[in-house]
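Work through the exercises below with the model open beside you. Try each task before you read its solution.

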Amino acid sequence: MSMNVHVKWAGKEYEITDVDPSQDVLALKVKIMNKTGVRPERQKLLNLKIKGKAASDDALISSLGLKPNFKIMMMGSLEESIVESQTTPTDLPEVLNDFDIEEEEVTIEQNENNLVKIEKRVREYEVKVLNPSRENKKLLVLDIDYTLFDHRSVAETGWELMRPFLHEFLETAYEYYDICIWSATNMVWIEEKMKLLGCTTNPNYKLAFYLDSRAMISISTPKYGIVDVKPLGVIWGKYPQYSPKNTIMFDDLRRNFLMNPQNGLKIRPFREAHSNRDKDKELVGLSKYLTIIAKHEDLSTLRHSRWERYIEK
Ligand code: MG
């Protein structure tokens, strides 16, 4: 009996229909090529595994234990010629609106429903711990997509899409801050991305822990409807040593820190990795900023939106 699966690639999702489980992975890759234009030998199917190892092309699809509508995460690049001949699909904006912080947030932060949701996450959500937290360190919470990594451009390897100076930035930050990664994707994807970027093996810093989309909450805002956000209260509830006083979060979407506007810094999104690789210096400036503010008692009293003015002085 055939089934459908989905492929997530370069920020878009493709449906692959009529996948026959009695065929092999190569046959599946051919089907994926027909949809995406990426040749089988250039496809890296990140979460297609058998007993923890990447499935080989001759493995039978039935041996993968895929559920219908399984989401396959792919990295891979198009042949130049295919890129040129393909018409670009209309690129819908990823977020319909990102917005400025307003008074209404005060009520959002204290809204009983939202606090109940956070408590539930504190009780039930399991943070993925990589390294122990250290004493007397502040906490830096980082988004991945468009913050550390351009997830929509296409490349052979992850590091081509890495924001310039990422490792230098993390090394500097590590001196004063424990580092947490919080991305609105799933844990497998986060682990793969951080591995691809070389952030888990760099000898000069260690990442403390990861949170994924399941730690987020949906909140209702009078003006913008229902949005998913990353409430720092989940981390503060789990780790008493971190608080609004010693936490700062970087995200390219301001709405992600709607629950904690005083602890969020909106970073410029890193897009078009190939043409911006030599221009983007955001992380150099932010390294300086983190170093300067590391001696502050209470980070929530600073106006992070003015970070560039702080480092000019
Ligand atoms: Mg992002």
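**Exercise 1.** Which residues in H5 meet which residues in H9?

*Solution.* Start with the ground rules. This is a predicted model, where local features need pLDDT of at least 70, side-chain atom pairs count only at pLDDT 80 or more, and totals for chains, interfaces and linings use all residues. Residues are numbered from 1 along each chain as its sequence is written, and side-chain values use heavy atoms, with hydrogens and water left out.

Step 1: find the helices. Helices (H or I, at least four residues) and strands (E, at least two) are DSSP runs, numbered from the N terminus. H5 covers residues 166–176. H9 covers 282–293.

Step 2: list the contacts (heavy atoms within 4.5 Å). From H5 come Leu 166, Phe 169, Thr 172, Ala 173 and Tyr 176. They meet Leu 283, Leu 286, Ser 287, Leu 290 and Thr 291 in H9.

**Exercise 2.** Describe how H5 and H9 pack.

*Solution.* Step 1: recall that two packed helices are described by the angle between their axes and the distance between the axes. Axes are lines fitted to C-alpha atoms, for helices over the stretch in contact, and angles run from 0 to 180 degrees between N-to-C directions.

Step 1: read the values. The angle is about 5°, and the axes of H5 and H9 are 9 Å apart.

Step 2: classify. That makes H5 roughly parallel to H9. (Under 35 degrees counts as roughly parallel, over 145 as roughly antiparallel, 65 to 115 as roughly perpendicular and the rest as oblique.)

**Exercise 3.** Classify the ring pair of Phe 169 and Phe 250.

*Solution.* Step 1: state the test. Rings of Phe, Tyr and Trp (its six-membered ring) pair if their centres lie within 6.5 Å; planes under 30 degrees apart count as stacked, over 60 as edge-to-face and the rest as tilted. The whole structure holds 7 aromatic pairs.

Step 1: apply it. The centres of Phe 169 and Phe 250 are 6.0 Å apart and the planes are at 35°, so this pair is tilted.

Step 2: Phe 169 sits in H5 and Phe 250 in strand S13 (residues 247–251), so the pair ties together parts 81 residues apart in sequence.

Step 3: check burial (buried is under 20% relative accessible area, exposed over 50%, partly exposed in between; 1.4 Å probe, protein chains only). Phe 169 and Phe 250 are both buried.

**Exercise 4.** Which residues are linked with Lys 230 in a network of salt bridges?

*Solution.* Step 1: define the bond. A salt bridge is a side-chain nitrogen of Lys or Arg within 4 Å of a carboxyl oxygen of Asp or Glu.

Step 1: find the partners. Lys 230 meets Asp 143 at 3.1 Å, N to O. Lys 230 also meets Asp 251 at 2.8 Å, N to O.

Step 2: join them. Asp 143, Lys 230 and Asp 251 form a network of salt bridges. Lys 230 and Asp 143 are buried. Asp 251 is buried too.

**Exercise 5.** Where does Pro 164 lie, and what does Pro 164 touch?

*Solution.* Step 1: locate Pro 164 in the loop between S8 and H5.

Step 1: check burial. Pro 164 has 10% relative accessibility, so Pro 164 counts as buried.

Step 2: list the contacts. Not counting residues up to four places away in sequence, Pro 164 touches Phe 270, Asn 276, Arg 277, Asp 280 and Leu 283.
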